[in-house]
Amino acid sequence: MADASSGEHEPELPPHLELQRTRVVCAPDAPSYTESVQYSGAYMAYGVDNSLRIEDFCKNLRVEIISMNEEDIEFDIVGIDAAIANAFRRILIAEVPTMAIEKVYIANNTSVIQDEVLAHRLGLLPIKADPRLFDYKSEEENANEKNTIVFKIDVVCTRKGERVLNSSVTSDQMKWLPEGSEMPFNTMTKFTSFGSSQKNLPGLPAEGISCQYPDIIVAKLRPGQAIELEGHAIKGSGNIHAKWSPVATARYRMLPEVNLMEDIQGKLAEELVQKCPTGVFDIEDVGTVKKAIVARPRNCTLCRECVRGTDWDKRVQLTRVKDHFIFTIESTGALRPEVLFTEAIKILNEKCHRIITELS
Amino acid sequence: MAATMELGSETDPRNATFSISDEDHTLGNSLRFVLNKDPRVAFCGYSVPHPSETRINVRVQTTGVPARDVLKDALNDLMAMNQHVSTTFNRAVETFKANQGVNELSMKSGVTSQHSGSVKKP
Ligand code: SF4
């Protein structure tokens with residue numbers, strides 16, 4: 001293998017192999033070179049080292065935030081393999097914990113919606129509570145202030161003159177019970193054993209715990225119908241049930257690249273601009289000729305409209321950069337999206353750590 | 001059953017299969033990537049033997065060093081990479097927040113005093 005420190009410049013791959021290594025080429029019929037070449041000795045014959053040293057990884061990694069608010073984040077992460085990016089995505093969806101209602105004790109439900117459907121709907125409500133403040137609750141454990149959040153819904157629908165009150169039960173009618181369950185004791189069951197009020201939990205926001213969105217309709221009622229219940233939320237992760245998933249979605253796409261293989265001018269240029277539904281191309285006036293240019297390659301959705309038709313696949317080449325990911329995380333609200341990503345990294349680290357310990 | 005088992009021969013530590021419980025493609029695929037990038041690895045692959053059992057088998061064959069050591073190095077490398085992704089990401093978030101604070105101030109200057117650094121919903 002060539003020695004990089006010997007002063008000679010490093011051997012390079014021939015262009016066609018470099019293209020296969022770094023790009024997915026999207027032909028009109030199918031994409032090719034979709035796999036990433038991982039084996040360190042894959043290009044031994046050319047004297048090119050395909051191994052990965054941590055120093056190189058650290059030198060090449062780039063992260064840029066494109067947009068961010070309380071719920072969504074979009075960022076570019078460059079210099080990482082799909083295997084790692086996908087691990088982050090999978091962990092975000094299935095392994096970062098949140099709180100969600102797991103047990104529902106229904107005292108009264110005369111609405112048209114069945115108990116089990118109602119319970120399922122309650123489970124899916126996103127709860128605005130930092131899961132890092134709570135412990136996991138095992139089946140044998142009693143519900144206490146460190147592992148359970150109790151909510152109560154007590155709504156009666158009535159008629160007041162012409163008006164009907166409480167005709168829909170919304171998520172803001174779900175009241176947080178910081179002192180634990182209030183279920184009547186004549187049931188002879190103790191549902192929670194809180195040692196102290198959850199209000200004193202360090203780190204809890206002043207406004208307390210509630211559903212992330214106040215306007216989610218849980219059930220509809222007609223006059224005379226009522227719902228009285230308690231929902232107990234515990235900590236869990238998305239691989240047990242999707243209600244614990246902290247994200248609406250976490251996804252990435254590879255950076256699209258649109259290459260013009262020849263000068264496209266005049267009528268053809270106009271046709272090309274017309275073809276693209278997302279406005280990737282623009283027309284530039286060079287003297288008297290109109291020339292097509294690639295103005296916004298990031299907009300490309302890979303619909304392949306521009307390579308359809310006779311000879312168009314020879315004029316335009318669509319590729320994707322294999323190590324450039326446009327990552328989007330949409331949080332359901334319990335944690336900010338950038339915190340979710342950091343949590344995901346932590347979880348992957350814990351996995352590694354666990355196995356190292358078990359191997360020693 | 002142990003959570004992580006090494007299955008191989010007693011006389012030849014170079015080749016082994018590691019059976020890891022409670023893990024899936026998330027770790028399997030990342031681990032295969034890191035292992036394959038290691039020049040000491042001659043072959044590496046992983047499988048999920050049964051879809052309803054959370055267990056993966058990672059096969060490692062090396063050019064000389066014990067497979068167990070190579071696997072441990074790979075795990076350490078993966079952790080180092082994670083650490084670096086984390087710091088780079090946090091730095092990018094800080095930069096973005098700082099820039100946004102500046103933008104917000106310049107947009108709203110004179111109108112209301114904005115808490116710079118805070119991120120507003122669009
Ligand atoms: S593939 Fe579709 S979106 Fe992308 S440049 Fe071509 S026409 Fe536009």
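What distance separates the centres of domain 1 of chain A and domain 2 of chain A? The separation is 42 Å, taken over C-alpha atoms. This is a predicted model, in which local features need pLDDT of at least 70 and side-chain atom pairs count only at pLDDT 80 or more, while totals for chains, interfaces and linings use all residues. Residues are numbered from 1 along each chain as its sequence is written, chains are lettered from A and ligands numbered from 1 in the order in which they are written, and side-chain values use heavy atoms, with hydrogens and water left out.

**Domains of chain A**

- Chain A is divided into domain 1 (14–96 + 246–360) and domain 2 (98–244), with bounds from an automatic or database domain assignment.
- In chain A, 12 residues of domain 1 are in contact with 14 residues of domain 2 (contact means heavy atoms within 4.5 Å).
- About 920 Å² is buried between domain 1 and domain 2 of chain A, and carbon and sulfur atoms give 52% of that area (buried area is the accessible area, with a 1.4 Å probe, that two parts lose on being put together, summed over both).
- The rule finds 1 salt bridge across this domain interface (a side-chain nitrogen of Lys or Arg within 4 Å of a carboxyl oxygen of Asp or Glu).
- Arg132(A) and Glu343(A) form a salt bridge, with their closest N and O atoms 3.5 Å apart.

**Chains A and B**

- Between the chains, 47 residues of chain A are in contact with 48 residues of chain B.
- The two chains bury about 4,300 Å² between them, with 66% of it on carbon and sulfur atoms.
- There are 4 salt bridges between chain A and chain B.
- Lys351(A) forms a salt bridge with Glu23(B), and their closest N and O atoms are 2.8 Å apart.
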